[in-house]
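Subject: Structure handover

Hello,

Here is the structure I promised. Please have it open while you read the notes below.

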Amino acid sequence: MIGGSLKHSKDIMTESFSHVPVMIREVTELLNLKSGATVVDCTLGLGGHAQAMARVVGAEGRLIGIDQDREAIEKARERLKDFSGRLDIVRSNFRKLDDVLSSLGVSEVDGILFDLGVSSLQLDDAARGFSFRSEGPLDMRMDQDMPVSAFELINSLSEEEIGNLLWRYGEERFSRRIATTIVRARSARAIETTKDLVDVILRALPYRVSRDGVHPATRSFQAIRIAVNQELDVLTMALDAALAHVKVGGRMCVIAFHSLEDRIVKEKFRGFAKEGRAVLLTKKPLRPTDGEAGENPRSRSARVRALERIG
Ligand SMILES: C[S@@+](CC[C@H](N)C(=O)[O-])C[C@H]1O[C@@H](n2cnc3c(N)ncnc32)[C@H](O)[C@@H]1O
């Protein structure tokens with residue numbers, strides 16, 4: 001199933017957009033789109049996957065792109081400007097997929113893609129506050145209009161709530177220690193920047209944990225980002241809505257980047273298969289080749305699952 005060639009994939013990866021689309025060949029083949037197909041990219045980002053899909057569906061096809069990030073929408077619009085098929089770019093949360101499609105008068109589509117998580121556009125911009133590697137405001141909102149940022153969570157949740165959040169969404173085994181240190185630190189002064197938070201986390205962790213290769217703030221930052229954007233709840237809801245809009249014979253593909261996301265996708269997909277509504281195209285998730293993992297570090301944790309709707 002996997003291994004055929006995708007025309008233009010090299011161009012797509014080397015064009016002047018910094019976010020390299022992950023496992024683009026595998027995703028395109030799994031979606032098995034034909035000329036004239038209608039496809040939804042629920043996580044448009046910088047439009048890398050969308051551009052590849054646009055080339056397959058062609059002038060007779062239709063591409064619907066959704067992203068909640070204002071800047072991503074602008075960049076993707078620019079990247080897709082030469083697409084000669086029908087293009088609809090909508091700034092929205094994919095939790096509202098039903099509303100987005102009904103506002104466009106679309107009920108069934110041939111393919112749906114989710115490429116979860118943050119883009120390098122978001123991660124690399126210190127002002128967005130996603131990265132523990134650069135100093136910026138404690139923000140982490142993918143949708144810049146959302147009312148609650150990481151600052152509010154970190155400076156107002158109780159110690160117990162912070163501990164639970166770090167454990168549930170980051171599987172951080174020192175969640176309680178970090179929560180205690182956060183609450184102690186903020187009683188002197190608000191935790192305002194990513195660097196403030198990294199410093200607090202480093203203070204909370206035992207020496208050996210800070211030196212084991214993975215940045216000690218990785219799990220906490222993942223957890224806070226998931227909480228700010230309510231990523232897991234949104235994903236659970238969206239997968240149900242998405243399957244309902246895939247036509248029989250159509251396909252859905254999801255790229256997950258950590259085990260919590262992938263577990264949701266795996267369980268949902270298995271449930272759909274058990275109900276006789278879908279067949280799984282990936283019994284186990286596909287992983288990037290060594291070549292891709294070497295060239296694009298972001299791809300290393302990617303897990304791709306796909307299904308075909310049958311009923
Ligand atoms: C990994 S990037 C996608 C990159 C894209 N596939 C590309 O090739 O450029 C994920 C994007 O999904 C968006 N996103 C994440 N969760 C979302 C949600 N619930 N609703 C809408 N957009 C979301 C993010 O804002 C980000 O731009």
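Below are notes on a strand and its partners, then on a helix pair.

This is a predicted model: local features need pLDDT of at least 70, side-chain atom pairs count only at pLDDT 80 or more, and totals for chains, interfaces and linings use all residues. Residues are numbered from 1 along each chain as its sequence is written.

Strand 7 covers residues 303-309. Six of its seven residues are buried (20 or more other C-beta atoms within 10 Å of the residue's own, with C-beta atoms placed from the backbone). Strand 7 is therefore largely enclosed by the rest of the structure. Strands are DSSP runs of E, at least two residues; helices are runs of H or I, at least four; both are numbered from the N terminus.

Strand 7 pairs (at least two DSSP bridges) with strand 5, residues 246-256. The two run antiparallel, joined by six bridges. Met-252 sits opposite Leu-307 of strand 7. Strand 6 (residues 278-280) also pairs with strand 7, antiparallel, over three bridges. There, Val-279 has Glu-308 as its bridge partner.

Now the helices. Helix 8 (residues 159-170) and helix 9 (residues 175-188) have axes that come within 8 Å and cross at roughly 140°. Axes are lines fitted to C-alpha atoms over the stretch in contact, and angles run from 0 to 180 degrees between N-to-C directions.

Best wishes

Terms used: A residue is buried if 20 or more other C-beta atoms lie within 10 Å of its own, exposed if 12 or fewer, and partly exposed in between; C-beta atoms are placed from the backbone.
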